[in-house]
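I opened a new page for this one.

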Amino acid sequence: MPRSTLTGSRIRDRRLAAGIRQADLARDVGISASYLNLIEHNRRKIGGKVLNDIARGLGCEVTALTEGAEAALLAGLREAAAEAPGAETDRAEEFAGRFPGWAALLAGRHDRVGQLEREVATLSDRLAHDPHLSASLHEVLTAVTAIRSTTSILAGTDDLDPAWAARFLTNLDADGRRLAEGAEALVRYLDGPGAVDAVASTPQEEVEAFFAAHGWHLEALEVAGAGPDVIDKALDGAPEIAGAAGRALARAALARYLADARALPLEGVCEMADQPVGAIAARFNVAPDVVLRRLAFLPRREAGLVIVDSAGAIIFRRPLAGFALPRHGAACPLWPVFQALNVPSLPVVDHLEMPGPNARSVRAEAIALPKGPVDFGVPPVFEATMLLTPDAAPGRARAVGTTCRICPRDNCRARRELSILSGGF
């Protein structure tokens with residue numbers, strides 16, 4: 001049915017809302033009241049001069065009568081009908097015109113169901129991939145297992161030596177305290193406000209929370225001629241930085257940001273953002289890791305960043321939706337950033353996918369380069385940088401995990417410990 005079938009209903013609603021009698025509007029427009037009645041009940045098509053005159057008589061624009069506010073409602077109805085086999089999707093406009101209240105209720109309920117499904121998916125993804133949550137649960141389960149073993153010995157041994165009994169009771173007390181502390185931390189974590197990454201418990205996380213609060217882009221450091229004083233202004237009063245250790249790390253991170261911005265100006269990198277990393281590095285005569293960091297800190301760009309030191313410890317992380325980064329413990333050794341450490345100065349590119357219902361293909365580019373000058377007789381210190389971006393060509397991704405402790409993948413040649421998600425604890 002054409003969209004014009006709703007025009008009559010809109011005219012009637014407008015007229016009643018304005019308190020105008022049907023006969024008065026018909027007289028002003030120059031048509032009969034019976035003809036206007038047929039129009040208002042969607043039994044006559046309307047257009048041209050008559051439609052313009054009616055809109056003028058109602059004091060509204062013509063588009064308010066021909067399009068109205070039902071566009072979103074009709075879109076919601078069609079979306080709901082598309083998910084229900086057998087629903088008459090071609091009669092959505094007729095349904096909305098005859099039963100606007102029911103139509104709005106149905107569309108609203110469909111939107112609410114979709115919202116709840118997204119929330120459930122988000123919570124499921126959090127339970128599957130949240131490293132901090134899994135580590136807390138692992139601590140609680142470990143304490144419970146230890147307490148159970150100790151109590152089994154005490155309850156099942158009648159002639160236990162007093163010295164051994166005292167030792168077991170001491171262990172039981174220590175495990176009980178550990179269980180209470182772990183449970184308290186877990187409850188505090190789950191009941192805390194905001195997202196998981198908003199809870200900063202280390203200086204490194206304070207720095208990452210600071211960058212996240214600024215959208216991973218600091219305009220003040222992008223200005224030509226910006227100096228170290230800009231860093232102090234950015235850190236003064238920053239609520240994310242709680243202590244001296246976090247402030248020192250933040251100062252170092254911002255100093256590197258400032259140096260990268262001077263070497264690769266924002267306008268230049270934005271113009272070449274879609275070019276290969278090597279081409280950008282050659283154009284501005286900078287190291288590839290500078291390009292990776294600059295691409296990760298571009299404004300309004302969806303990207304992730306991982307920087308690890310020579311020991312393989314993550315020293316900086318910017319998360320990317322669909323690619324979970326561990327907050328505690330070692331990361332998956334199959335990540336390209338660790339492959340880059342094995343062969344310094346060799347660029348590594350791969351397509352990755354995490355486990356889980358919301359798996360997402362991600363393009364990873366990594367390289368390991370010496371940190372600071374290299375000299376004879378001095379062991380070089382390497383630092384590996386990995387840029388994560390949404391994969392433009394999904395379907396060829398390689399399976400990786402977050403960290404072994406919560407990775408459900410079986411038969412992984414890189415596994416170093418059993419996963420608590422498979423009962424391995």
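I started with the second largest pocket, which holds about 360 Å³ of space. A pocket here is an open set of points on a 1 Å grid over the protein atoms alone, where a 1.4 Å probe fits, with protein on both sides within 12 Å along at least five of seven lines; lining residues have an atom within 4 Å of a point. Points are joined across faces, edges and corners, and the volume is the space filled by probe spheres set on them.

I noted that this is a predicted model, where local features need pLDDT of at least 70 and side-chain atom pairs count only at pLDDT 80 or more, while totals for chains, interfaces and linings use all residues. Residues are numbered from 1 along each chain as its sequence is written, and side-chain values use heavy atoms, with hydrogens and water left out.

**Lining.** I found 17 residues around the second largest pocket, with Ala-252, Ala-253, Arg-256, Ile-315 and Phe-316 nearest its centre. Helix H14 (244-263) is among the elements that supply at least two lining residues, and H14 gives the most, six. Helices (H or I, at least four residues) and strands (E, at least two) are DSSP runs, numbered from the N terminus.

**Core.** Next I looked up the largest nonpolar core, which has 40 residues; Phe-210, Phe-211 and Phe-316 are among those with the most contacts inside it. Such a core is a set of buried Ala, Val, Leu, Ile, Met, Phe, Trp, Tyr and Cys residues joined through side-chain atoms within 4.5 Å. Buried means under 20% relative accessible area (1.4 Å probe, protein chains only). Helix H17 gives this core its largest share, five residues.

What does Phe-211 touch, leaving out residues up to four places away in sequence? I got Trp-216, Leu-218, Ala-253, Leu-254, Tyr-257, Phe-297 and Phe-316, with contact meaning heavy atoms within 4.5 Å.

**H17.** Why is H17 largely enclosed by the rest of the structure? It is because eight of its nine residues are buried. I listed some of them, including Asp-289, Arg-293 and Arg-294.

**Cysteines.** Last, I checked for disulfides, meaning pairs of cysteine sulfur atoms within 2.5 Å, and the count is zero. The sulfur of Cys-404 has its closest cysteine sulfur in Cys-412, 6.3 Å away, too far for a bond. Cys-404 is buried, at 7% relative accessible area. Cys-60 is buried too, at 15%.

Definitions and conventions: Buried means under 20% relative accessible area, exposed over 50%, partly exposed in between (1.4 Å probe, protein chains only).
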